[in-house]
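Trainee: Could we go through this structure together? I would like to know what stands behind each term.
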Amino acid sequence: QMIVAINKMDEKSTNWSQARYEEIVKETSSFVKKIGYNPEKINFVPISGWAGDNMLEKSPNLAWYKGVTLLEALDAITEPKRPTDKPLRVPLQDVYKIGGIGTVPVGRVETGILKPGMIVTFAPANLSTEVKSVEMHHVALPEAVPGDNVGFNVKNLSVKDIRRGMVAGDSKNDPPQETEFFDAQVIILNHPGQIHAGYAPVLDCHTAHIACKFTEILQKVDRRTGQATEDAPKNIKNGDAAMVRLTPSKPMC
């Protein structure tokens, strides 16, 4: 499911122009098509975040636009099932030291349930400790579920022990572990020349920011279906989608 919000329609050089909106829709449509979406099923919503036009209500400045507002587009999204039954995973966005409370890691619960009293393990450092409390927007929670951005107070760990990019999990239920390598589907949107095994870009994987080496290009795949089209290609280039084996240069989970 995707919504494309076209912002800054109030900007002086644009001045609510329908022609500029249509130009951006055309450009963006070819981009989303490349990665396997059907532009005809996507709402392209012109807005002004600064002035609030077409965010909650229709705007007289965009009288030519007959589609939905951004709020209506969001309301039409089918809510995904929250993966509460999977093992707990909380990638850390930051870690704070709060006077009178102690060390508070912050992150979004991706899977599982986080509760006070749990023993959590932080990977790849492999440190375990008890969760004293869980808070969201300064309100204590009995539990946090997938999608919740929370801070949780932990015992006996300093801000030097844990950091952004680590992942917290339940020490008693499939805790996160350091990975030696992992397989990923990649789509090459814009890259000069060809990519061979040995190429080592910096990846943003959840909140980790680590250089990972393409140790092996396993197969080229069809972007839309994921079906293999060629095994063990020598290289990949712009427009290709592929399954590749990646090896992190530093501990990562």
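Mentor: Happy to. Helices (H or I, at least four residues) and strands (E, at least two) are DSSP runs, numbered from the N terminus. Over residues 102-167 the chain is 0% helix and 47% strand. UniProt, in an unreviewed entry, places the feature "domain: Translation elongation factor EFTu-like" at those residues, 102-167; such annotations may be inferred rather than shown by experiment.

Mentor: Some ground rules: this is a predicted model, where local features need pLDDT of at least 70, side-chain atom pairs count only at pLDDT 80 or more, and totals for chains, interfaces and linings use all residues. Residues are numbered from 1 along each chain as its sequence is written, and side-chain values use heavy atoms, with hydrogens and water left out.

Trainee: Why is the pair of Y21 and W64 called tilted?
Mentor: Rings of Phe, Tyr and Trp (its six-membered ring) pair if their centres lie within 6.5 Å; planes under 30 degrees apart count as stacked, over 60 as edge-to-face and the rest as tilted. The centres of Y21 and W64 are 5.2 Å apart and the planes stand at 50 degrees, so the pair is tilted.

Trainee: What makes this pair a tie between parts of the chain?
Mentor: Y21 lies in helix 1 (residues 18-34) and W64 in the loop between strand 2 (43-46) and helix 2 (70-75), so the pair ties together parts that are 43 residues apart in sequence.

Trainee: And what kind of pair do W64 and Y65 form?
Mentor: An edge-to-face one, with 6.4 Å centre to centre and 80 degrees between the planes. Y21, W64 and Y65 form one aromatic cluster.

Trainee: Which of these residues are buried or partly exposed?
Mentor: Buried means under 20% relative accessible area, exposed over 50%, partly exposed in between (1.4 Å probe, protein chains only). Y21, at 12%, is therefore buried, and so is Y65, at 9%. W64 has 23%, so W64 is partly exposed.

Trainee: How do you know that the second largest pocket lies between two domains?
Mentor: Domain bounds come from an automatic or database domain assignment. Domain 2 (89-170) and domain 3 (182-248) both give residues to the lining of this pocket, so the second largest pocket lies between them.

Trainee: What counts as a lining residue?
Mentor: One with an atom within 4 Å of a pocket point, on a 1 Å grid over the protein atoms alone; a pocket is an open set of points with protein on both sides within 12 Å along at least five of seven lines, where a 1.4 Å probe fits. For the second largest pocket that gives 14 residues, including R163, R164 and I210.
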